[in-house]
Amino acid sequence: MKTQRQWVLIQIFQVLCGLTQRTIRSRPVMDLLSGTYIFAVLLACVVFHSGAQEKNYTIREEMPENVLIGDLLKDLDLSLVPNKSLTSAMQFKLVYKTGDVPLIRIEEDTGEIFTTGARIDREKLCVGIPTDEQCFYEVEVAILPDEIFRLVKIRFLIEDINDNAPLFPTTVINISIPENSAINSKYTLPAAIDPDVGINGVQNYELIKGQNIFGLDVIETPEGEKMPQLIVQKELDREEKDTYVMKVKVEDGGFPQRSSTAILQVSVTDTNDNHPVFKETEIEVSIPENAPVGTSVTQLHATDADIGENARIHFSFSNLVSNIAKRLFHLNTTTGLITIKEPLDREETPNHKLLVLASDGGLVPARAMVLVNVTDVNDNVPSIDIRYIVNTINDTVVLSENIPLNTKIALITVTDKDADHNGRVTCFTDHEIPFRLRPVFSNQFLLETAAYLDYESTKEYAIKLLAADAGKPPLNQSAMLFIKVKDENDNAPVFTQSLVTVSIPENNSPGIQLTKVSATDADTGPNAEINYLLGPDAPPEFSLDRRTGMLTVVKKLDREKEEKYFFTVLAKDNGVPPLTSNVTVFVSVIDQNDNTPTFTHNEYNFYVPENLPKHGTVGLITVTDPDYGENSAVTLSILDENDGFTIDSQTGVIRPNISFDREKQESYTFYVKAEDGGRVSRSSSAKVTINVVDVNDNKPVFIVPPSNYSYELVLPSTDPGTVVFQVIAVDNDTGMNAEVRYSIVGENTRDLFEINETTGNIIMKEKCDVTDLGLHRVLVKANDLGQPDSLFSVVTVNLFVNESVTNATLINELLHKSTEAPVTPNTEIADASSPTIDYVKILVAVVAGTITVVVVIFITAVVRCRQAPHLKAAQKNKQNSEWATPNPENRQMIMMKKKKKKKKHPPKNLLLNFVTIEETKADDVDNDGNSITLELPIDLEEQTMGKYNWVTTPTTFKPDSPDLARHYKSASPQPAFQIQPETPLNSKHHIIQELPLDNTFVACDSISKCSSSSSDPYSVSDSGYPMTTFEAPVSVHARPTDSRTSPIEICSEI
């Protein structure tokens, strides 16, 4: 409720100010009284609108430090301020003159007023003020921010405390009393002086050791002074005693009470019974303050009815006269003329009270009061007092260039010690500046900003303040106020280039300087000091000098790893907050021929079918060179002038100039050189091995039986399941093309025999009876497992079922006839009961047997001579365990197992197979004729290549190897190509090759890697396919070599 009433009063006061202004405009002519009234109202309005207030407090002197005096926030009712959006919190700023020591301090946040460590001494603060007047101490307080700005003048009434003891003028008081003094006569003693006032001043006098002769009385003068008087209580007799010594004690009324004493020495003199009398007891004079020294102030006149020495008057100032007055005025003790002793200064003391005593040596002097009024002369120039609201540095105001308008800078107080018109002062500035003076109190102005500041246009201002009074002639004074504009970081650094581009050859030495980036900043000082930094995207290969902006390469660059670098360089000034800008740096690494062409493999192994046409495609060699341009242009060539093959110098395609025949040569080896096109070229080489893969171009050849005319005796008592004969066929091919399977395809009319398809063993199927005696012809087919077409041979196996061979000639005739005419299932032999027939049969048999043995020996020798190279090649091919790529479109497995019984065996290690060939002697009872039996206990690992269909396409891949064709297509600069048929279809190797897309990379580096039992995932020993082992007793007819048994050891590595 109180707040609302105060607010209503403020609104009424504003309306009153408005009405007064309209009254002035409507009534230009007014009387003195109404003009004075309106002037007072306008002054109050100005003070109100300027935000000025006054507040009074009362404090005691000598208060200790940090004593709370008041709270401006509460005392001024600042809660009445309408709610505003303040740029900063409310702040109370004490405004005082530079160099002064304030007696109070104010909490800037709360507005609480406290005493400081400075001593509050009323007697010093109010020197020259009459004791009956109050003592004040004034300060100004600015309330910030500008939205609620107020300037408050605070007046502190200093209350006196009893901090001074009353003192006599001298420690010894001498007084003379005539001897004829009547009882109860009074003699005035010098009064004691106490700087304190009121109750703390002199209150009581006491005579100590008066000896009952003297007493003491205290009277009060019209001015309120207490004067001690000595009372004569007994008659005096100078001749009896002329001197009395006593003590006078003076006390004040303060708490605690203070006192002092002085020695009173009374001398008894002769009688002087008339007192001097002043003609005028009160005199008031006025004298200008510029009166020269020696000027007469006034002439005092006093008379004494006595004569002689008792009538001689002595003028003197009372000890109540201030020291200042005694210093300024001179009193002639004889004549009573008062003159100016020192120059007067109305501004220091405008009036003086001179209490003059006229004494003829008697006890009671005459008293006269002279009041001297010093009149004003315009002898003081105005003074300009600058009290800064903002902080200063070396008496210079430092303002930020981004401060808002109407920012209060200083309180300017102009004063003139003169009075009236001589002391009326105006203040203004001498030229146009972005600052203005706004009046707040009488002779007080606020200096505030009137326009926005810009450090870049004007860095400092020297403001000349002029103050002039209204005297005649007027006096003026000037003062300089220096303002420096503080630069704010309002300009970001600017790079001289929008994009920094630089090139450097690779393989540089670390520490090479690339370029220097530079930026400018329109600010100054730390705000213009630029530090250069690498952005967060900068690679570690570069460093940047923070001060100079020099960009340096700190690591060796490799174009093959990084050809281009894009990163950011920052320019950051030292302002608060700092401003930054950036520029993009592009570093291009120039290629050097520092890389040797690199083959994708150290050693290449290509596998081509032996029917690959001449000038067909063997494979592709890929070479990479990470350099650029001519340094990466690689040319391929074959070393050692190999005429059997050519290589495309650009694409790396290898073509043969010869026709392959695996049976003649299984592999070819040469070296390929890769050379780049650098100024100083670099080269490398790689070994190339071309392995000729077998093609199924040889059909199986029977070596047992050697011909269709041989036969084998089978006893009728042979049990079923007994092996009666074994056919043996060999195939000069390798791998699956050399795997032979046997079958009976005809002539076994009585179904008496069956054959093991793997071993070639002909087995007695059923028990023979009488009807089965005779010659049986069995057509046996030996076919290989070659792909895509299997080759085969057919042989006639003649089995003669009988107890013995009694007529070999007859059997031979039957064999020859059987080739011309179909053989019956069972040919009966005539019973030769007569001796003649038996003899003939025996003779024919002996002759036929002899011929057969000779023929067999001859044929065996021929066959062995022809088969020896092929057997060796077959053994070598088995040791190498060559790889051939399976047709990826046809992965059908051919299991080399028995149809009825399937048995899996784990992979076995390297086996050493021994083949013993023994020559059968002529007298061997188990065999007819000369023959050689080849018994082969074989334990072989089945090769996994038998599980695939074989094609005649050359390849460099192992089974399940990755398809690198796509990679090569995308990475290799060489174009894709396809080989067209070049060989006529009627040639021996009639299969036309088309180079597959995946025939661009090798599967292994060397033959040893492909065939060893190492960790190569494509090696035979690591293969997960099942192996089949078999044992086969083989009977081979061979040419006799010696009468002794010749063991031959053949080592086969699988």
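Q: What makes Phe 645 and Tyr 668 count as buried?
A: In this predicted model, buried stands for under 20% relative accessible area. Phe 645 falls in that class, and so does Tyr 668.

Q: Why is the aromatic pair of Phe 645 and Tyr 668 called edge-to-face?
A: Two numbers settle it. The centres are 5.4 Å apart, and a pair needs centres within 6.5 Å. The planes stand at 70 degrees, and an angle over 60 counts as edge-to-face. Phe 645 belongs to strand 47 and Tyr 668 to strand 49, so this pair links parts 23 residues apart in sequence.

Q: Why is the pair of Phe 645 and Phe 660 called tilted?
A: Here the ring centres are 6.1 Å apart, still within the 6.5 Å limit. The planes make an angle of 35 degrees; stacked would need under 30 and edge-to-face over 60, so what remains is tilted. Both Phe 645 and Phe 660 are buried.

Q: Which parts does the pair of Phe 645 and Phe 660 tie together?
A: Phe 645 lies in strand 47 (residues 645-647), while Phe 660 lies in the loop between strand 48 (653-656) and strand 49 (667-675), so the parts joined are 15 residues apart in sequence.

Q: Which residues make up the covered face of strand 49, and which the uncovered one?
A: Tyr 668, Phe 670, Val 672 and Ala 674 form the covered face. Ser 667, Thr 669, Tyr 671, Lys 673 and Glu 675 form the uncovered face. In a regular strand, side chains alternate between the two faces of the sheet.

Q: How do you know that strand 49 pairs with strand 46 and with strand 50?
A: At least two bridges are needed for a pair. Strand 46 (residues 635-638) and strand 49 have 4 bridges, and strand 49 and strand 50 (residues 683-693) have 9, so each passes the test. Both pairings are antiparallel. Ala 674 is the bridge partner of Leu 636 and also has Ser 684 in strand 50 as a partner.

Q: What makes strand 53 and strand 56 edge strands?
A: The sheet is open, with 3 antiparallel strands in the order 53-57-56. Strand 53 (723-726) and strand 56 (753-755) each have a single partner strand, so one side of each lacks a neighbour in the sheet. Strand 56 and strand 57 (residues 761-764) are joined by 3 bridges, and Ile 755 stands opposite Ile 762 in strand 57.

Q: How do you know that the charge of Arg 155 sits over the ring of Phe 136?
A: The charged end is 4.2 Å from the ring centre, where the distance limit is 6 Å, with a further limit of 35 degrees from the ring normal. Lys 153 lies over the face of Phe 441, at 5.2 Å from the ring centre.

Q: Which residues have the most contacts inside the largest nonpolar core?
A: They are Phe 278, Leu 300, Phe 315, Phe 329, Ile 338, Leu 354 and Val 356, in a core of 29 residues. Strand 23 (366-375) is one of the elements supplying at least two residues, and strand 23 gives the most, with 6. Apart from this core lies another, of 27 residues, including Ile 386 and Phe 435.

Technical notes:
Residues are numbered from 1 along each chain as its sequence is written. This is a predicted model: local features need pLDDT of at least 70, side-chain atom pairs count only at pLDDT 80 or more; totals for chains, interfaces and linings use all residues. Side-chain values use heavy atoms; hydrogens and water are left out. A nonpolar core is a set of buried Ala, Val, Leu, Ile, Met, Phe, Trp, Tyr and Cys residues joined through side-chain atoms within 4.5 Å. Buried means under 20% relative accessible area, exposed over 50%, partly exposed in between (1.4 Å probe, protein chains only). Rings of Phe, Tyr and Trp (its six-membered ring) pair if their centres lie within 6.5 Å; planes under 30 degrees apart count as stacked, over 60 as edge-to-face and the rest as tilted.
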